[in-house]
Number of protein chains: 2
Amino acid sequence: MQDGNVTSGNHGEDLLFLTDDNLLQGIELMFFAYKGFTSDPDKILQNYTYGRAHHRAVHFINRKRGITVNNLLDILGVTKQSLNRVLRQLVDDGLVESRIGTTDRRQRNLYLTQKGKDLEQELSDAQRVRMRAAFRDAGPDAVRGFRAVLENMMDPEMRKRVQGLKG
Amino acid sequence: MQDGNVTSGNHGEDLLFLTDDNLLQGIELMFFAYKGFTSDPDKILQNYTYGRAHHRAVHFINRKRGITVNNLLDILGVTKQSLNRVLRQLVDDGLVESRIGTTDRRQRNLYLTQKGKDLEQELSDAQRVRMRAAFRDAGPDAVRGFRAVLENMMDPEMRKRVQGLKG
DNA sequence: CTTGGAATGTCAACAATACTGACATAAAGT
DNA sequence: ACTTTATGTCAGTATTGTTGACATTCCAAG
């Protein structure tokens, strides 16, 4: 509750931006921005029999082609039962292909089919339009700040996993 | 899909920060950061019979004491049936008081009781700890950028309603 | 080669949160 | 008087998450 270790502050003197009021504002900003952030794909998904969970699965399968089920579970942070439901639908509907692992045959490597890629493209296009406008109007310096704060807001283990996504 | 109206850019020349790759990174950052953002209150709520929906209601009732049900519905963006369920629980459990409006007797003005304030405090304390650390480590400039980008990400109507919260 | 454990899949039950549609009541506005 | 608004409530349904239990497959160690 207290101000804590000012000594570790890389930014020194002025900590007025850490008032409860500013923090509260940040909290609400997260809530409203996330609502906007998800609204465009959500609208599109209503035309399908899919929901946000399908979007997330399709996104990360596209992001890391050949990802294993366990890897995907770690990233999404849900139970295998929960993921399995949406994954089964996506496989049954021909959007995702589940191939037996080559090195470890217990594992399943997940890939998007063309149909899956098409949906992913449609969803991420919509999401990027909003993100691009937000970035553009805020400018590159603001985007750097946005990234810095959001990275700090993540759980440390997640930060590592995201690094893994990039590589 | 194209780069769009560069002419309207207030930042002119360098638009390299708007690559699809950067946008994708921003999208995933939103997902993981929001997960972190909600995780602390979620853990606390497990000790109660409440969920994230109760947290949101309690938060905004605390934020704008005496808020009407319709106002709260607009802010939360859910149906009255959905809100009513959690609101009834909170009233029954003595965390929220629902008073008949003075000027318009159809309206209900919502207030937190001491018990409600206590829960709100516990939840927002936890959420602020993370937010404060994220802000502090990123610095005031980054926080300004964070705010700018997230405000741009909100729906325009929501931006107005948030202004209403401040006043 | 057997056994242990890891990775995966599946079934069932359940909980939280959202939705739609329908209907009721009270009070405000015209 | 009539309409609209604000609120509450009931019923049904969908999505997404959870636990718990159990089966299968298969790598790896003994």
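The surface near DNA strand C (near: a residue with a heavy atom within 4 Å of the strand) comprises three nonpolar, 12 polar and 10 charged residues; Ala, Val, Leu, Ile, Met, Phe, Trp, Tyr, Cys and Pro count as nonpolar, Asp, Glu, Lys and Arg as charged, and the others, Gly among them, as polar. The model is predicted, with local features requiring pLDDT of at least 70 and side-chain atom pairs pLDDT 80 or more, whereas totals for chains, interfaces and linings use all residues. Residues are numbered from 1 along each chain as its sequence is written, chains are lettered from A and ligands numbered from 1 in the order in which they are written, and side-chain values use heavy atoms, without hydrogens and water.

Among the 25 residues around DNA strand C, those that come nearest are Lys80(A), Gly51(B), Arg52(B), Arg56(B) and Thr79(B). Phosphate oxygens of DNA strand C lie 2.5 Å from a polar side-chain atom of Arg56(B) and 2.7 Å from a backbone N or O atom of Thr79(B). Both are polar contacts (N or O atoms within 3.5 Å).

Within chain A, the axes of helix H2 (residues 52–63) and helix H5 (residues 114–138) come within 10 Å and cross at roughly 105°. H2(A) is therefore roughly perpendicular to H5(A) (65 to 115 degrees). The contact (heavy atoms within 4.5 Å) involves His55(A), Val58(A), His59(A) and Asn62(A) of H2(A) and Gly116(A), Glu120(A), Leu123(A) and Gln127(A) of H5(A).

Key:
Polar contact = N/O pair within 3.5 Å; in protein donor to acceptor, adjacent residues only side chain to side chain. Axes fitted to C-alpha atoms, helices over the stretch in contact; angles between N-to-C directions. Helix = DSSP H or I, 4+ residues; strand = E, 2+ residues; numbered from the N terminus. Parallel < 35°, antiparallel > 145°, perpendicular 65-115°, else oblique.
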